[in-house]
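Let's take a friendly walk through this model, beginning at a single residue and then stepping back to the whole chain. Please keep the sequence and the 3D view at hand.

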Amino acid sequence: MRRLERLAETPISLGPAILLVALVIRLPLIALPPTLSDDALRYLWDGRVAAAGFNPYREPPDSPSLAPLRDELWNRLPHREVATVYPPLALSAFSIAARFPVPTPGMPIWKLLACAADFGACALLLALARLSGLPEARVAWYAWNPLVVLEVAGMGHVDALGAVACIGAVWAITILPKRPVTAGMAAAAGILSKFAPLAALPMWARQSRRPWAFLLTALGLSGLALAPVVFSVGGLPPGLATYGIAWEFNGPLYEPLWRGLEALGAGPAAHAALDAAKARTEWWTFWNRFYPYAYPRFFAKLLLAAVALAAVVASFRERDPILGTGRLFGRLMLTSATLYPWYLLWVLPWAALREEKRWLLLAALMPLSYLPALFGVPLWPWVYFAIWVPFALFSLLGKRWSPS
């Protein structure tokens, strides 16, 4: 950290050196097989399905209609019963990579695409730093971050596409405040790569000088791309619904919250309340539909969804796009039931520019969450505590999202 602070004080432009090192440390990892995560395998399968003319939002990998596409890639897929959760722009990138018949079809091509997006994110962060009067050296906290390099160049996560689009949106809002269409297009690209940037639209619209033009562009382009998906499945894509209800891993607030609700007997209490409501109203069919959701994990997700919504509403007051985006995505991470290491790509660009030490520390601790998969170590409680207790202490004792 002291070396980066000394670099920040030099008048020489560090941009070329930062980008050169970023490129050098990424290239060797492109050949690394995705051993820590199988998401990239799913990307290529979904891309293959789309390229073959099937609908990956309707046809999960184990669909009989996709049997002609099955090979060793299909054999390695997890969750073959779940249809894709990825938006159309991401699927388009997957389908491009899947067309290349190289070992593990398309993997090196896909990783090159992801790394190109990540390299673009580094360049845009340098531009944002110069524009905002921040030291260029801070970009190294992202460009040279081992977690970022591992998750993008090594594991090939699609979050790199969404991250560069969000940085592009903030750059456009900052440098082109009277041209909201450019920012809206970047925001739409983020939404169509992964849905997380939807939460930032109200804040970004307020920060642009023409909010309605920004929203019309962002929502209009997103709607045009997503409408065929919605019509093809008759509503919310089933894979996305399954992810929202069933997926959970290392949620910082979620883990202790649902366990606390379970200890308090929230599940049996909810069932007793439903039984009483049925006996009182005799609306048997109506109340029966709520039983599958009357359990502590679902209650915890509902409560945290309300907190996440409050964070979105609070972000409407943010004036600084860099600070506001960092705060918002950070709060959304904390309220999520699922927080894989690569999800930090949404927060780390802003944490780097503002030297948010607790999030930079979290990036160093997050690889511990791979221990359960690698060695069978239970996530709860010790791995969870090893990750989140230091983060909590830094949050309590240190400055948070300083404007300087």
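**From one residue to the whole chain**

Start at Ala363, which sits in helix H20, residues 357–365. Helices here are DSSP runs of H or I with at least four residues, strands are runs of E with at least two, and both are numbered from the N terminus. Before going further, note that this is a predicted model, in which local features need pLDDT of at least 70, side-chain atom pairs count only at pLDDT 80 or more, and totals for chains, interfaces and linings use all residues. Residues are numbered from 1 along each chain as its sequence is written, and side-chain values use heavy atoms, with hydrogens and water left out.

Is Ala363 buried or exposed? Ala363 counts as buried because its relative accessibility is 4%; buried means under 20% relative accessible area, exposed over 50%, and partly exposed in between, with a 1.4 Å probe and protein chains only. Setting aside neighbours within four places in sequence, Ala363 is in contact with Asn145, Leu147, Leu344 and Leu348, where contact means heavy atoms within 4.5 Å. Trp45 lies 318 residues from Ala363 along the chain, and their C-alpha atoms are separated by 29 Å.

Now step back to the whole chain. Its secondary structure comes to 22 helices and 0 strands. The radius of gyration is 22 Å, close to the 22 Å that the globule rule gives for 404 residues, so the chain is as compact as a globular protein of that length. That radius is taken over C-alpha atoms, and the rule is 2.2 Å times the number of residues to the power 0.38. Along its principal axes, the C-alpha trace spans about 75 × 55 × 50 Å.

Of the 404 residues, 50% count as buried. Among contacts between residues at least 6 apart in sequence, 75% join residues at least 24 apart. The chain exposes about 18500 Å², with carbon and sulfur atoms supplying 69% of it; accessible areas come from the Shrake-Rupley method with a 1.4 Å probe.

Finally, look at the cysteines. How many disulfides does a search of the whole structure find? The search finds 0 disulfides, a disulfide being a pair of cysteine sulfur atoms within 2.5 Å. Cys115 is in none, and the nearest cysteine sulfur, that of Cys122, is 10.0 Å away. Cys115 is buried, with a relative accessible area of 9%, and Cys122 also counts as buried, at 0% relative accessibility.
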